[in-house]
Structures are given as structure tokens and as C-alpha cells.
Amino acid sequence: MRSGLRQGYNLFTMSERGLRLAPNQWESMLQHVERCFPEEGCGLLAGRDGSILRVHIIENCLHSPFRFRMEPEAQLEAFQQIEAEGLVLLAIFHSHPHGPEGPSLADLEEHAYADVIHIIWSRSGNRWSCKAFRLDSGRPEAIPLTMDAEGQSPGSDRAEGGIGT
């Protein structure tokens, strides 16, 4: 069993299928990164077996357009809630309001949670998109994101791509 995993959680199976989330979870992250713009927004995604069950919105205490650091007390509270609900941390999400679309050098250098996927929201014009990456190998590996409800990719005036690609 790899570090940080419990209750029969199978990392290999999850990476093959990617992460699954519901439309309301996608929308929750999108609204958060929009509210934080032009600063980076961030949060945690919890669940099991590759399915996101809970989105934890956390303040970026750096209030920076180029870096994030989760507010420590809110992050600890989210970790405690995740554990109390019998879930595992599946992903960290944050935004790159000014690019790049993938992990930045800082993301790669500061990656601290083994076996946790990083979802990065990026903005081009007035549109947001997100993509998921595994960073454990020291270089980004794209991970599929899929929508649970009817397998549809979300689309709106505000968001595109990433899911299902």
C-alpha cells in the first residue's frame, strides 16, 4: 500500500480511469476561481475510488496572481472533515489566471502530497479551462477528468475543455 492510501484505495485503477466529478462540483470550482480572479484560487477534492464526493474551497492566503498557499487553519479543518467522513484526498485544485495551462515550475517544485492529482484551471480571454495532472514523477502526466452525469463535458460561456479530453 502506498503512503497516504487506505481502505482498499487502488491508485493504479484510479489513474487508468482518471477522476470523475459531478457538474455541481465542476461549477463550484469554476465559481471559486472566477471569484478569486485575478488572484489564484485553490481548494481540495475528496472522495474515493477516483470519484470526487466533496469540494473544499480554501482561501489563498498569499492573495497572489502567481502563487497559492492554502490558509492553514481552513486546510487542517478540511483534512479533518475528509478523514471524519472516511474519504481520501484525491486532488488539489488551483488556478493559473495568467497561465500556464499546465503545472508551473513552482507547482513541480512545491508538490507535497504523494499520490494526489493536481487540477489546474487556466484562463484564456474570458474562458476558463481545467486539466488534471499527476506530478509524482517530477514531470507532469495528464490524467483524464470525466463528468459523472451522463458522461457529458461541461460547457458554458465561462468554461471549456479539460473534462473528457
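**View 1. The largest pocket holds about 340 Å³ of space**. This is a predicted model, in which local features need pLDDT of at least 70 and side-chain atom pairs count only at pLDDT 80 or more, while totals for chains, interfaces and linings use all residues. Residues are numbered from 1 along each chain as its sequence is written, and side-chain values use heavy atoms, with hydrogens and water left out. A pocket here is an open set of points on a 1 Å grid over the protein atoms alone where a 1.4 Å probe fits, with protein on both sides within 12 Å along at least five of seven lines; lining residues have an atom within 4 Å of a point. Points are joined across faces, edges and corners, and the volume is the space filled by probe spheres set on them.

**View 2. Meet the lining of the largest pocket**. Of its 18 residues, Phe68, Arg69, Glu110, His111 and His118 lie nearest the centre. Strand E4 (88-96) and helix H4 (105-110) each give at least two lining residues, and H4 has the largest share, with three. Helices (H or I, at least four residues) and strands (E, at least two) are DSSP runs, numbered from the N terminus. The lining has eight nonpolar, five polar and five charged residues. In this grouping, Ala, Val, Leu, Ile, Met, Phe, Trp, Tyr, Cys and Pro are nonpolar, Asp, Glu, Lys and Arg are charged, and the others, Gly among them, are polar.

**View 3. Gln75 sits in helix H3 (residues 72-84)**. Gln75 counts as buried because its relative accessibility is 15%; buried means under 20% relative accessible area, with a 1.4 Å probe and protein chains only. Beyond its neighbours within four places in sequence, Gln75 is in contact (heavy atoms within 4.5 Å) with Leu44, Ile58, Met70 and Tyr113.

**View 4. Strand E5 (residues 117-124) is largely enclosed by the rest of the structure, because six of its eight residues are buried**. E5 runs parallel to E4, joined by six bridges; strands pair if DSSP finds at least two bridges between them. Here His94 stands opposite Ile120 of E5. E5 also runs antiparallel to strand E6 (residues 127-134), with eight bridges, and Lys131 in E6 is the bridge partner of Ile120. The hairpin of E5 and E6 has two residues between the strands, and Gly125 takes a positive phi near 65°.

**View 5. Strands E2 (residues 42-48) and E3 (residues 51-58) form a hairpin**. Seven bridges pair the two strands in the antiparallel sense, and Arg48 has Ser51 as its bridge partner in E3. Two residues lie between E2 and E3, and Asp49 in the turn has a positive phi of about 50°.

Terms used
Buried means under 20% relative accessible area, exposed over 50%, partly exposed in between (1.4 Å probe, protein chains only).
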